[in-house]
Amino acid sequence: MITASEMKTPKLVTALPGPKAKQIVERDAKFMSPSFTRDYPLVAKSGHGAMVEDVDGNVFLDFAAGIAVCSTGHCHPKVVAAIQKQAAELIHMSGTDFYYETLPELAERLGKTVPGSEDKKVFFANSGTEAIEGAMKLARYATKRGKMIAFYGGFHGRTMGSLSLTASKSTQRKGFGALLSGVEHIPYPYAYRCALGHTAETCGAEILETLENQIFKRLFDPTEVAGIIIEPIQGEGGYVPAPKFFLQELQRICRQHGIMLIVDEVQSGMGRTGKWWAFEHAGIEPDIITSAKGIASGMPLGAIIAKSSVMTWKPGSHGTTFGGNPVCLAASLATMDLLEGGMIENARKMGEYIFRRTADWTNKFKIVGDVRGKGLMVGIEFVRDQRTKERAGDLRNAIVDSAFHKGLLVLGAGENSLRLSPPLLIDEEQADFALRTLEECIREAEKKT
């Protein structure tokens, strides 16, 4: 008999949600914070590779990977072994006050993944939002300036500083009062919805012109700007890639004015796009990079990676109690071994395979407006009408729910897009199942329009 850990495609044995799952969902509603956004009633019990088993014995194919976190798959044996070994030796001492061998070891390895001749230094945090908070502080410290520029559609976290940069959904900000001052937002180059009809390669020139000739001349002088933060591929915003030229020009502007270029790679980094970092596709060299999610295969770890000339803050300027926990570091080192050992290359190959398979979807389906992304970071945008591009968030939601009931786990992104962010170890059989299932779900949704 094949066990769930050996399966490569789903097997559903109960109606969804099953009886145990229903009980847990009801208990969750009674005791848990209502602030969480659950798209469907998956109650996970175990995970292996790209498969997740729920409490009722239903097995799902996971094309969400814990929101792009489980980069090497669920419970990879080498990651589990590294965690178990480290947990038996040392769980915590606090890297702010003491030393571990693995702190500089992982920092050196991460630094070497970043292009450029200048050495890098690393600060470890617990999460993506903490990495963003630290990057903001570092930019201010390095430049002795106070203002920040971010982009509409960007998601950088939910703590107060990172939330000040986030401009994804108003509900994420509503009710929390005044946020960090000195933050200005500008449009993100969204080629599919470019008002001027530019392509994915040319969209955004007018945004840069507005930055230089309006923001810098009418709102605040560039000499007051500490940093400009951008996701090379917006995650929560809909898996929208920034054009290569746009990132290159943004780097030019930052260097011209002594502004820190901060690249948020929390979701797009750690091999997901077929390279270590999504910004590498544009050939740029950021001053500060933030990472988390896929960095430790599910263990809580974030990182700020910066040029040595930038990360010069003095002892006590920034610290953390749990960031860089020894167990999380061990998981990250094992993760890097696996990514370097073939998973980044597999992300590239499987991404190309998926994009070939979906190349005709805008012709095949009247509600698919755009398919975009890089590697295993794939966004599918749903519209009510391809000509008007009217957003169809309700159809996207129906497709996400329908996929769940067919054994496929996916998530939404932005107002009306669906994201595919599977573990980087998926194969063609699993990609084929996911795409066939989505095609079924899309056809079902189209019948209701």
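Analyst: Start with strand pairing: two strands pair if DSSP finds at least two bridges between them. The model here is predicted. In it, 7 strands form an open sheet with mixed pairing, in the order E4-E12-E11-E10-E7-E5-E6.

User: Which strands stand at the edges?

Analyst: Strand E4 (120-125) and strand E6 (183-186) do; each has a single partner strand, so one side of each lacks a neighbour in the sheet. On average, neighbouring strands of this sheet are turned by 20° against each other, direction ignored.

User: In which sense do E7 and E10 pair?

Analyst: Strand E7 (residues 225-230) pairs with strand E10 (residues 260-264) in the parallel sense, over 4 bridges. Ile228 stands opposite Leu261 in E10.

User: Which strands does helix H8 touch?

Analyst: Helix H8 (residues 244-257) packs on the sheet and touches strand E5 (147-151), E7, E10 and strand E12 (302-307). The direction of H8 makes about 170° with that of E7.

User: How is a pair of packed helices described?

Analyst: Two values are used: the angle between the axes and the distance between them. For helix H9 (residues 326-357) and helix H12 (residues 428-447), the angle is about 30° and the axes are 11 Å apart. Angles under 35 degrees count as roughly parallel, so H9 is roughly parallel to H12. Their crossing is right-handed.

User: Which residues make the contact?

Analyst: H9 contributes Met350, Tyr353, Ile354 and Arg357, and H12 contributes Glu428, Ala431, Asp432, Leu435, Arg436 and Glu439. By class, the residues of this contact divide into 5 nonpolar, 5 charged and no polar.

How values were computed. Residues are numbered from 1 along each chain as its sequence is written. This is a predicted model: local features need pLDDT of at least 70, side-chain atom pairs count only at pLDDT 80 or more; totals for chains, interfaces and linings use all residues. Side-chain values use heavy atoms; hydrogens and water are left out. Axes are lines fitted to C-alpha atoms, for helices over the stretch in contact, and angles run from 0 to 180 degrees between N-to-C directions. Helices (H or I, at least four residues) and strands (E, at least two) are DSSP runs, numbered from the N terminus. Angles under 35 degrees count as roughly parallel, over 145 as roughly antiparallel, 65 to 115 as roughly perpendicular and the rest as oblique. A crossing is left-handed if the near helix is turned anticlockwise from the far one by less than a right angle, and right-handed if clockwise. Contact means heavy atoms within 4.5 Å. Ala, Val, Leu, Ile, Met, Phe, Trp, Tyr, Cys and Pro count as nonpolar, Asp, Glu, Lys and Arg as charged, and the others, Gly among them, as polar.
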